Amino acid sequence: SWAGVPAGPPDPILGVTEAYKRSTHPKKMNVGVGAYRDDNGKPYILPSVKQAEESLAGKFDKEYLPISGLSEFTSLAAKLAYGADSPLVKEGKIAITQSISGTGALRIGGAFFQRHYPGVKAIYLPTPTWGNHIPIFKDSGLEVRRYRYFTPGEAVGLDWAGVVEDLKNAEEGAIVLLHACAHNPTGIDPTPEQWKQLSEVIKSKKLFPFFDMAYQGFASGDTTKDAFAPRYFIEQGHQIALCQSFAKNMGLYGERVGAFSLTASSAEEKARIESQIKILVRPMYSNPPVHGARIAAAILGDPKLNAQWEGEVKGMADRIIEMRNVLYDKLTHELKTPGDWSHIKSQIGIFTGLKPEQTKALAEKAHIYMTADGRISMAGLNSHNIGYFAECVDKAVRG
Ligand code: PMP
């Protein structure tokens, strides 16, 4: 009865890990998936997470959470994103629900806009963007449109003129997706000055700013600094949607901890929105997983543990920045690899910069695996493998 079901392609990002696992080469490297690794290439459990988990052990039953999740967690997540001093937080104007990490937040957001948004049910995504954004919003029933974001080739960087022109030409009243920080996959963010201009353009076209914040703290090492864009938009009078993920900044990938929120114009509006979010979530997955939300709440809710966590986030961000500096020096000064590699230092989080044929050569000849668009996760580099990596890039570039 399923004879008509065609085989689908492997996931473009998770498929890289599968290819990596199949390889038996001793120097094989996986720089595909954007999960943090320590300097030995191993997954990293944050000490603050370990402590929180130990403090929770044996204290709780395994009962269901409410549809919107753990309320201690969502109120702390809102404070982290919007700022503890935010008037919206103080006045109870943030409608929020726990979500199945950032992906789930995006999906709930897509569904909410599809059902309730009174404007144009089309969302503009940057080109390029995180690959999963496209099916998430399509499957939510929104029309996906694009705006230019990135200049590839020699002049790697933000296509600022393209961003402004495309948003100025966007259909009035549509939705626009913005990566709050550490744009995936380019690693290039607007400057604070450019965010200010973006706020103006978005306002003038009555576009609805929909922020995806999957890397708060992971970009600069400072959670407040990384929340600049959504907070600035709110100051400027925008209503926003916001997706949060604790996968990266707490290393809680598989625990699936996140939140979706919308700013409301009154506490009464917030309550109406939340009631409709529950109506969407109940038939999707009923209620979210509990364990990771308890961990995140234990960290965010304890000033001492929270300070420790902030330090650990900075440690992860700093290690990546250090890898950027080392890789830049190796390519530019040691190997004198042809090309300008300065983007390696200026980009944030993850970077592209390799051409498809170079990417292919790295996989086939050097057993270095990354996504086909040339996105390299800097977290896959460490003091042990960066020399080999730089040499392989050098060879690939020289052809
Ligand atoms: N948005 C962006 C831009 C991402 O890079 C990711 C993770 N790769 C996510 C959302 C969501 O990830 P998760 O569902 O694991 O939180």
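This is a predicted model: local features need pLDDT of at least 70, side-chain atom pairs count only at pLDDT 80 or more; totals for chains, interfaces and linings use all residues.
Me: Which residues touch the most other members of the largest nonpolar core?
Reply: A nonpolar core is a set of buried Ala, Val, Leu, Ile, Met, Phe, Trp, Tyr and Cys residues joined through C-beta atoms within 7 Å. Buried means 20 or more other C-beta atoms within 10 Å of a residue's own, exposed means 12 or fewer, and partly exposed is in between, with C-beta atoms placed from the backbone. The largest core here has 109 residues, and those touching the most other members are Ile-123, Val-176, Phe-210, Phe-211, Ala-296 and Ile-368.

Me: Which helix gives this core its largest share?
Reply: Helices (H or I, at least four residues) and strands (E, at least two) are DSSP runs, numbered from the N terminus. The top contributor to the core supplies eight residues and spans residues 303-334: helix H13.

Me: How many residues of domain 1 are in contact with domain 2?
Reply: The domain bounds come from an automatic or database domain assignment, which gives domain 1 (14-44 + 315-398) and domain 2 (53-301). Taken over C-alpha atoms, their centres are 28 Å apart. Domain 2 puts 17 residues into the contact, and the count for domain 1 is 17.

Me: How does the side of domain 1 that touches domain 2 divide by class?
Reply: H13 and strand S11 (350-351) each supply at least two residues of that side of domain 1, and H13 has the largest share, three residues. For the classes, Ala, Val, Leu, Ile, Met, Phe, Trp, Tyr, Cys and Pro count as nonpolar, Asp, Glu, Lys and Arg as charged, and the others, Gly among them, as polar. So sorted, the side of domain 1 that touches domain 2 has eight nonpolar, six polar and three charged residues.

Me: Which residues of the shell are closest to the ligand?
Reply: A residue is near a molecule or strand if its C-beta atom, placed from the backbone, lies within 6 Å of it. The ligand is surrounded by 13 residues, divided into four nonpolar, eight polar and one charged. Helix H5 (residues 101-116) gives the most to this shell, with three residues. The closest to the ligand are Ser-101, Gly-102, Thr-103, Ala-214 and Ser-245.

Me: Is strand S10 largely enclosed or open?
Reply: S10 runs over residues 257-263. Val-257, Ala-259, Ser-261 and Thr-263 point one way, Gly-258, Phe-260 and Leu-262 the other way, and all are buried. Seven of its seven residues are buried, so the rest of the structure leaves S10 largely enclosed.

Me: What is the bridge partner of Ile-100 in S10?
Reply: Two strands pair if DSSP finds at least two bridges between them. For Ile-100, the partner in S10 is Val-257.

Me: How far apart in space are Tyr-253 and Gly-102?
Reply: Tyr-253 sits in the loop between S9 and S10, and is partly exposed because 17 other C-beta atoms lie within 10 Å. Leaving aside neighbours within four places in sequence, Tyr-253 contacts Ala-35 and Ala-247. Tyr-253 and Gly-102 are 151 residues apart in sequence, but C-alpha to C-alpha the distance in space is 9.9 Å.

Me: What is omega for the cis peptide bond that joins Asn-184 and Pro-185?
Reply: A cis peptide bond also joins Thr-127 and Pro-128, with omega about 0°; Pro-128 is in the loop between strand S3 (122-127) and helix H6 (133-139). Pro-185 is in the loop between strand S7 (175-179) and helix H8 (192-204). For the bond between Asn-184 and Pro-185, omega is about 15°.

Me: What is the positive phi of Ser-286?
Reply: Ser-286 lies in the loop between helix H11 (267-285) and helix H12 (291-300). Ser-286 counts as exposed because 10 other C-beta atoms lie within 10 Å. Although Ser-286 is not a glycine, its phi is positive, at about 70°.

Terms used
Residues are numbered from 1 along each chain as its sequence is written. Two residues are in contact if their C-beta atoms, placed from the backbone, lie within 7 Å.
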